[in-house]
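Work through the exercises below with the sequence and the 3D structure open. Try each task before reading its solution.

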Amino acid sequence: MKIMVAIKRVVDYAVKIRVKPDKTGVETTNVKMSMNPFCEIALEEALRIRESGRASEVVAVSMGPQQCVDTLRTGLAMGADRGIHVETKEMLYPLSVAKLLRALVEVEKPQILILGKQAIDDDCNQTGQMLAGLLNWPQGTFASKVVLDKEKQEVTVDREVDGGLETLCLDLPAIITTDLRLNQPRYATLPNIMKAKSKVIKKYTPQELNVEIKSDLQIVQVTEPPKRKSGVMVSSVDELIDKLKNEARVI
Amino acid sequence: MKTKNYITTYCLFKCSSRYLVHRSNSNSQYSSQFPGFRCQFSRTSRPLETFLPDPKRNLPSVVHPLREYIGRDLTSASNFSGHTHRIPCRFFGSAPIVMQRNPMFSTINADDITKFKEILGEKNVVQDEEVLLAANTDWMQKYKGSSNLLLQPRTTEEVSQILKYCNSRCLAVVPQGGNTGLVGGSVPVFDEVIINMGSMKNIISFDKDETSKVKAFVPIQSGGRVIFRKTTRAKVIFRNEATVPSLDFGCFVSIRFVMPLDLGAKGSCQIGGNVSTNAGGLRFVRYGSLHGNVLGLEAVLANGTVLDMLGTLRKDNTGYDLKHLFIGSEGSLGIISKVSILTPPKLSSVNLAFLACKDYVSCQNLLLEAKRKLGNILSAFEFLDSHSMDLVLNHLEGVRNPLPPSMHNFYVLIETTGSDQSYDKEKLEAFLLRYMEVGLISDGVLAQDINQAFSFWRIREGVPEALMKAGAVYKYDLSLPIEKMYDLVEEMRMRLGPAAKVVGYGHLGDGNLHLNISLPEYDDTVLGQVEPFVYEWTSKHRGSISAEHGLGLMKANKIHYSKSTESVHLMVSIKKLLDPNGILNPYKVLPSSLTS
């Protein structure tokens, strides 16, 4: 059984985001880029399934400019068997990514596709769902537990929903998107980094996959959230109530 | 000297008993946090009255009683105790010290308070018990003074006026910054007036060299958490805007410049204190000591004279370079009120590897090779032994072993900082893989993102915290020849046997060992085995008994292990020249027998 994992190169989780002066987007030049944390979790889950003997191969996929290869190398150093890089300089939106992934699914024919529930840069939380729609596959989103039954060709997914956990049973092939508590990703060890150097990264272009990159969205403006005003001390309960009523208008 | 663990003194102030109550109240709070302190508190809570005869009646006629009684053993001290008071305070970090208040110093009276309020305003003359309790106790909870006055000057002029007045009244003072010192240098010993520099936290200016864009000078007022406001010429941001402080080396980050200093206490330390103690830290191997990075400073002498040495030049050979006297003098020569610091440009590419080595020789060889092969990008080379690792994994929450499942004998952190991410990473990877093949490295992980780097640093920086949680700890900060460094840890382990946990970690790149002895409770017999052995051993191997912590109170009398008699005498002369009454941070840095 083959598992495909989508990984995205994003501005590092720990970096303080800065908006470009012309308000067209977020500053990414000279900023530390890393793998999206949810994608890391997705990859870790795929590796654990493979290590338990229920899958034979893990393929990591990334899309975007040349530097995405670095992110793929990280994925390979964590343990993925091979990589696929769809190279494009165009801005990619969830629908384009989903279409590209559908094209790759037709080439690779994986049984399970694992994605992060969202990327920490655009916070879209759409790709997995769109892809499920395009492929007409069942989807288990926000997974906090994944149990694969190879015999029955089904996977049981615990989802974190409002007010508790929902357990779904999906027939394979299926799509899973991962939430934060699914697992704790491993580090890239030196022996694995060494092995990763000889692993193959196959390149595609959107044209080769017959996908046209276009967006139905237009970014009007990107701005920083308004600065929080400093707090004030109130002298009495009455003043507090007055402020809550008339200034904050919350009661 | 074996069994004495209290201080003998002539004067115990009434307020001390009040603090004593405070201290035993806080017992429960700390005992849950630091089990090792339980014993300490119960011991110090014995009734005080028996030790409280009239202070003045029993003053000996000699002018310098310190010289007479320092170094006396328990019998003489207890014979003497009919005439003395014990300050309920133990000096856990070092061998027992019998010490008494210098009777030359006056005590605070109502007129003094009025005068201080005149200088500083009502609000900045603090007599609040809670505040004073915190200011009297050091970070390790080892040293505790009994000061009942804390002053918060906001300008150099105010510092000058305070000192001028204190000097005229012969009131002893202790300058205090973030109070994160480890040798008892920042807390009062007796009733010294605490001068807290925390209010002086403005950036005066921030210059960058327009042509080369490599130099940046930041004169900083002494206190503060080195919090910066935006200036017009270069953008400076608050440190806590960076989620991971350790990667932004230092007490502050700017978008394009960094502080050439990074240490475990970076969240609470202050630049004045850093300079006064010549703090070292994690990036020493890259940026060197503060003697090189401090371009100038302003200091206030004991008599109130303001010495303006606030240059921003890298080269200045006019006469004696006096600022170096104040760097590392631990507030004993003057109070640093402004600092100008060279800030190197911030480099975007930081890589961190966490490695395991099978023995100390491998660590040592790895350092040699790293200096050779990674020289231009190497920014930190730290090590810890398996015992330190064990402590961190057992006592700190959320820390996981990056190299499971087995434990290795030694762990090394190598950090590189450069300007080209892919080049630097490739270079480091190639280096690591090569020495893994050779066998110097037995296993390792490379941080793939800042969060991972943070968790690796957390292990190294968490060792002191884990030690605190493990119970009682005796800490030694030693500079030693690198090849001999770990021998001391092993010898100490043999010497103390299984009763004590001896851990070694530190800045291998600088030849700086942190030798820590962890016990369930403070134990004088163990201390007797450790000291003076550790100092003698260090001295024998021509090391320094204080690499970066300073001497403070803990090692003031141990200076001769590292400095010749002639040097110490010259230091004493300088101290007497700059501070004839000895009011600045008394009982510390230099042996009291020579200074009083």
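**Exercise 1. Find the bridge partner of A:Thr189 in β15(B).**

Solution. The partner is B:Val445, in β15(B). Now widen the view to the strands. β11 (residues 188-189) of chain A pairs with β15(B) in the antiparallel sense, over two bridges. Two strands pair if DSSP finds at least two bridges between them. Strands (E, at least two residues) and helices (H or I, at least four) are DSSP runs, numbered from the N terminus.

Some ground rules before going on. This is a predicted model: local features need pLDDT of at least 70, side-chain atom pairs count only at pLDDT 80 or more, and totals for chains, interfaces and linings use all residues. Residues are numbered from 1 along each chain as its sequence is written, while chains are lettered from A and ligands numbered from 1 in the order in which they are written.

**Exercise 2. Describe the side of chain B that touches chain A.**

Solution. Start with the count: 21 residues of chain B are in contact with 17 residues of chain A. Contact means that the C-beta atoms, placed from the backbone, lie within 7 Å. Next, locate the elements. α14 (421-438), β15 (443-446) and α15 (450-461) of chain B each supply at least two residues of this side. The largest share, five residues, comes from α14(B). Last, sort by type: 10 nonpolar, seven polar and four charged. Here Ala, Val, Leu, Ile, Met, Phe, Trp, Tyr, Cys and Pro count as nonpolar, Asp, Glu, Lys and Arg as charged, and the others, Gly among them, as polar.

**Exercise 3. Which strands stand at the edges of the four-stranded open sheet of chain B?**

Solution. Write the order: β3-β4-β6-β5 (chain B), with mixed pairing. The edges are β3 (125-126) and β5 (173-176) of chain B; each has a single partner strand, so one side of each lacks a neighbour in the sheet. Then check one pair. β5(B) and β6 (residues 193-196) of chain B run parallel over four bridges. Within this pair, B:Pro175 is bridged to B:Ile195.

**Exercise 4. Is A:Asn136 buried or exposed, and is B:Glu330 buried or exposed?**

Solution. Apply the cut-offs: buried means 20 or more other C-beta atoms within 10 Å of the residue's own, exposed 12 or fewer, partly exposed in between, with C-beta atoms placed from the backbone. A:Asn136 has 6, so A:Asn136 is exposed. B:Glu330 has 26 and is buried. Now the backbone. A:Asn136 has a positive phi of about 60 degrees, and B:Glu330 one of about 55 degrees.

Technical notes. Two residues are in contact if their C-beta atoms, placed from the backbone, lie within 7 Å.
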